[in-house]
Structure formats: structure tokens, C-alpha cells
Amino acid sequence: MTTEHWTADRIGDLAGRVAIVTGANTGIGKETARALAQKGARVVLACRSAARGEDALRDLREAPLAGTVELELLDLSSLASVRDFAGRFKGRTDRLDLLINNAGVMMPPASKTAEGFELQFGTNHLGHFALTGLLADLLLGTEGSRVVTVSSEAHKWGEINFDDLQWEARPYKKMAAYGQSKLANLIFAYELQRRLGAAGSGTRSLAAHPGWTGTDLQRNSSLFRFFNPILAMRPWQGALPTLRAATDPAAAGGVFFGPHGFMGMRGYPVPVTSTPASRDEDIARRLWEISEALTGVSFQIPTRAG
């Protein structure tokens with residue numbers, strides 16, 4: 001596998017492929033959608049805001065695209081919205097090649113989702129968990145399909161507190177809550193790959209992190225806003241790990257891509273390591289079972305014959 005200087009120029013022809021990118025109205029999600037559409041994919045921008053989604057559509061369509069972009073509303077902080085989106089999508093599409101679980105919230109004030117989950121855990125993890133499960137039949141029925149879940153180096157300061165996942169018994173700490181949600185993203189990506197592999201499925205689950213990339217996601221952090229002009233990569237650069245995970249033919253399931261530079265902050269996408277907790281299979285099984293119970297979504301991954 002090539003491990004240096006991977007850029008979007010290496011993406012092959014994606015004509016006929018169908019992709020969903022959550023949070024595609026801004027930042028790395030928008031740049032991921034742009035790169036996939038430029039290579040011929042039909043890309044669904046799954047966005048919470050209709051107005052911002054329409055703005056993204058207009059911007060993406062300003063330059064000729066080999067593929068297409070379209071907008072669908074999706075609010076990952078509402079399981080009802082996730083179910084509605086999945087139902088609409090499956091009602092008019094018979095394949096799904098790429099599911100890019102990109103959207104997220106970062107270090108907001110203490111807030112709850114529509115179902116009462118802590119906003120970061122509920123949106124970043126549970127929303128994407130439910131979305132992937134509801135679209136699993138399309139993914140499993142599409143040869144060579146992939147799920148790419150965007151995590152963060154913040155997973156390194158995360159801990160899955162099974163006694164208080166929703167920050168109800170402890171004082172809310174927005175950085176710790178963000179770290180928990182990003183660790184959950186990574187645990188989910190690895191556990192999904194283990195289950196796909198055990199079933200003999202050709203669908204692959206991978207993960208990525210964008211390093212230090214300046215985006216609207218960081219609007220709640222004065223520290224990030226201060227240092228962004230000095231340290232941050234631009235969104236098109238931050239999208240490269242996601243794009244490599246989604247399109248590199250040699251990328252195996254279970255690989256985590258991130259920038260190759262100092263502390264994973266900048267550079268070109270390469271396979272990177274993660275914390276022991278992210279690879280702990282007992283934690284993963286427990287989180288999976290709890291996530292199914294909280295979302296009401298159970299994954300069906302039939303074993304492939306032969």
C-alpha cells in the first residue's frame with residue numbers, strides 16, 4: 001500500500017457509484033462530496049440545514065462535475081429524522097457504494113438530542129450508528145461497498161463511561177464528552193469491520209481523522225479558533241484521509257487513516273494507530289449492544305455462503 005503523498009488525484013473513476021456524505025454542507029464533508037462527484041459519483045449531501053445545504057449545492061455545481069450532487073435533509077440528533085432519511089433514500093435507490101459518516105458537533109454547551117441523549121454522543125455516535133444500521137441492507141447488497149466513519153485524535157482523551165454515557169450524574173465537561181463521542185466512532189468502525197469479516201461480507205468498514213483542519217466544527221472552541229490560522233490545514237487537505245479510506249483499492253477494512261505529520265496534525269493520509277481502548281473487543285461489544293438498545297436499530301449481517 002502506498003503510504004506517502006496520497007492525493008485526490010489518485011481516486012479512480014467512480015461513475016455509477018452512489019455515495020452519502022453526512023454533514024456535506026461545509027468543511028471536510030463538503031470537500032469529500034466535491035472530490036467524489038468530480039470523479040463521477042452520484043453524491044447525496046445529507047445535511048441538517050436546508051438553507052446551508054442549498055448553498056453547498058450551488059457552490060459545488062459552479063464547476064463541471066463528472067457526477068452529480070443532490071440534497072437530502074438529515075438531522076443526526078433526531079432518530080426520527082434518521083429513519084425518515086433512510087426510508088426516503090431506500091425508496092428510490094437500490095445501491096449504496098459509500099457511506100461517509102462525517103457530520104458531527106464539537107464541544108457545544110450542555111445540550112440534548114431529540115431523544116434526550118447528550119448531544120455529542122447522540123449525534124456523533126448514535127445517529128451514525130442508527131443510520132448505518134438502517135442502510136446496512138443496501139450496503140451489503142452493493143459489491144465493494146464501504147462505510148467510512150470520521151473520528152478524531154480527540155479519541156485519545158476519550159473514555160466510554162458506561163455508568164453515565166449521557167453526562168447526567170457528573171458535571172458536564174464538553175472536551176471529555178467530545179472525546180467520548182469520537183472514541184465511540186472509532187470503536188464502532190472497528191467492531192463493524194469485525195462483524196463484517198466474521199460474516200464473510202465484502203463490505204468494508206474503515207475510519208479516518210482529519211488532523212488539525214480549520215472548519216466551522218470548531219466554532220465552540222476559542223482555542224481552536226485562535227490557533228487555526230497558524231496550524232490548521234484547509235478543508236480539502238483535511239478531507240484526504242476520508243477520501244483515501246473511501247476509495248483506495250488497497251485499503252483494507254479496519255484501517256484508520258490520518259495525516260502523516262507531527263502528532264497527526266498535518267500531512268498526507270497514511271494508516272495510523274489508535275488507543276488500546278479503541279481496539280478493546282469487550283468494550284466494543286458492550287457499546288454495540290447499548291447502542292442497539294438506545295437507538296432501536298439492530299444490524300442484520302447475514303453470513304455469506306461459501
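Predicted model: local features only at pLDDT ≥ 70, side-chain atom pairs only at ≥ 80, totals over all residues.

Biologist: How many helices and strands are in the protein chain?

Modeller: The protein chain has 11 helices and eight strands. Of its 306 residues, 56% are buried. Among contacts with a separation of 6 or more, 74% join residues 24 or more positions apart.

Biologist: How far apart are the end C-alpha atoms of helix 3, and what span should its residues give?

Modeller: Helix 3 covers residues 79-92, which is 14 residues, and at 1.5 Å a residue these should span 20 Å. The end C-alpha atoms are 21 Å apart, which agrees.

Biologist: Which residues of helix 3 are buried?

Modeller: Start with the general idea. An α-helix has 3.6 residues a turn, so residues three or four places apart point the same way. In helix 3 the buried residues are L79, S81, V82, F85, A86 and F89. Their arc around the axis is only 155°, so they sit on the same side of helix 3.

Biologist: What do the buried residues of helix 3 pack against?

Modeller: Their partners include strand 1 (18-22), strand 2 (42-47), strand 3 (68-73) and helix 4 (119-134). Helix 5 (136-140) and helix 11 (281-295) are also packed against them.

Biologist: Which residues have the most contacts inside the largest nonpolar core?

Modeller: That core has 39 residues, and the ones with the most contacts inside it are I20, F89, L96, L99, L131, L135 and I160. Helix 3 and helix 6 (174-198) are among the elements that each supply at least two residues of this core. Apart from it lies another core, of 34 residues, including A24, L45, L240 and A246. As for L135, its contacts beyond four places in sequence are I20, A86, F89, K90, L96 and L99.

Biologist: Where does helix 4 bend, and how many of its residues are buried?

Modeller: The bend is at L126 and is about 30°. Helix 4 has 16 of its 16 residues buried. At its start, a side-chain oxygen of E118 comes to within 3.0 Å of the backbone nitrogen of Q120.

Notes
Residues numbered from 1 in each chain as written. Heavy atoms only, no water. Helix = DSSP H or I, 4+ residues; strand = E, 2+ residues; numbered from the N terminus. Expected span 1.5 Å × (residues − 1). Buried < 20%, exposed > 50% of the residue type's maximum accessible area, 1.4 Å probe, protein only. Arc of directions from axis to C-beta. Contact = heavy atoms within 4.5 Å. Core = buried A, V, L, I, M, F, W, Y, C linked by side-chain atoms within 4.5 Å. Bend = angle between axes of the 7 residues up to and from the residue. Polar contact = N/O pair within 3.5 Å; in protein donor to acceptor, adjacent residues only side chain to side chain.
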